[in-house]
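Please read this report alongside the sequence and the coordinates.

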Amino acid sequence: MIRLIATDLDGTLLDSQSELSERTVRAVSQTMEAGAKFVLASGRMSESTGAFARQLSTNAPIIAFNGAVALDWRTGDTLFRRAISAESARRVARMAEELGIFIQYFPERGFFYEKRVPEVCDDYEGRIRMRGVELLKPLSGWIEKPAMKLLSLGENAKLIMLRDEILAEFPEISAMLSHPTYLEIVSAGVDKGAALRSVAECFGIPREEVAAFGDADNDVQMLQYAGRGYAMESGDANVVAGAEFVAPSNDSDGVARVLEELLAQNEIGG
């Protein structure tokens, strides 16, 4: 019996326009009515993830910043948080700046960058429906508070180069792709799988009774933790190849279709 469902947002629960379909909203509601907990687990910041939790009226905490934070979206109470130190954040920002790679800084709320670059910012800010703050000064000389995450946007080859340099120089930091052009940078040990484990344990739900959905590199640990890990067929080829189960694409309401099938088989409950 599945008692907890966790799902990524972009490329997974949301369609290509970053919207929730009526079918998806209905399937999520039916899943919760059956007694299961429903967790949104995203690389997005808390405000953006929480907006979808409110739209769905989810009955469990959200996981944001790729697993750096889990909180009750209704009360704001934090289950846990794990940030990158301000010093390490400044050093990573300097590395990106020296390589000429765009980077954003995320404290608890909002996000910041040195200079807005439309060719990379338009897509990201359009997806999350929020706009960053342009500082007109390097992040490496401005950051004073810990970072929940840093995010570099750009060409895949350059991001892989930056990722490899970060992992080689910073043992206290993890870096992974959430999209071919998005490099997520968080504290070491932070990932969606570890966060999902903590949330499931809060409810006393074993991993065998957890299902998870995702499409990208930053979802892999979550899919591996869950008793049933579903990769979206529209996702990263390596993620799909390594998954035990494959769901239809996000634009085909893949999560909803799997949930409907599980509900019809009475495999979801409280």
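## Basis of the model

The model is predicted, so that local features need pLDDT of at least 70 and side-chain atom pairs count only at pLDDT 80 or more, while totals for chains, interfaces and linings use all residues. Residues are numbered from 1 along each chain as its sequence is written, and side-chain values use heavy atoms, with hydrogens and water left out.

Helices here are DSSP runs of H or I with at least four residues, and strands are runs of E with at least two, numbered from the N terminus. Helix α2 covers residues 22-33, and its end C-alpha atoms are 16 Å apart, which agrees with the 16 Å that its 12 residues should span at 1.5 Å a residue, the expected span being 1.5 Å times one less than the number of residues.

Thr-24, Ala-27, Val-28, Thr-31 and Met-32 are the buried residues of α2. They lie on the same side of α2, because they cover an arc of only 135° around the axis, taken from the directions from the helix axis to the C-beta atoms. Buried means under 20% relative accessible area, exposed over 50% and partly exposed in between, with a 1.4 Å probe and protein chains only. The face turned away from the buried side carries the exposed residues Glu-22 and Glu-33. The buried residues of α2 pack against β1 (4-7), α1 (9-13), β2 (37-40), α3 (46-56) and α10 (254-264), where contact means heavy atoms within 4.5 Å.

## Packing of α2 with α10

The axes of α2 and α10 are 9 Å apart and the helices pack at an angle of about 35°; axes are lines fitted to C-alpha atoms, for helices over the stretch in contact, and angles run from 0 to 180 degrees between N-to-C directions. From α2, the residues Arg-23, Thr-24, Ala-27, Gln-30 and Thr-31 meet Ala-256, Arg-257, Leu-259, Glu-260 and Leu-263 of α10.

## Val-92 in helix α4

Val-92 belongs to helix α4 (residues 86-99) and is buried, with a relative accessible area of 0%. Leaving aside residues up to four places away in sequence, Val-92 touches Ile-103, Leu-150, Ile-166, Phe-170, Ile-173 and Ile-185. The C-alpha atoms of Val-92 and Phe-170 are separated by 8.5 Å, although these residues are 78 residues apart along the chain.

Helix α4 also packs with helix α6 (residues 156-169), at an angle of about 145° and with axes 11 Å apart. Arg-91, Val-92, Met-95, Ala-96 and Leu-99 of α4 meet Met-161, Leu-162, Glu-165, Ile-166 and Glu-169 of α6.
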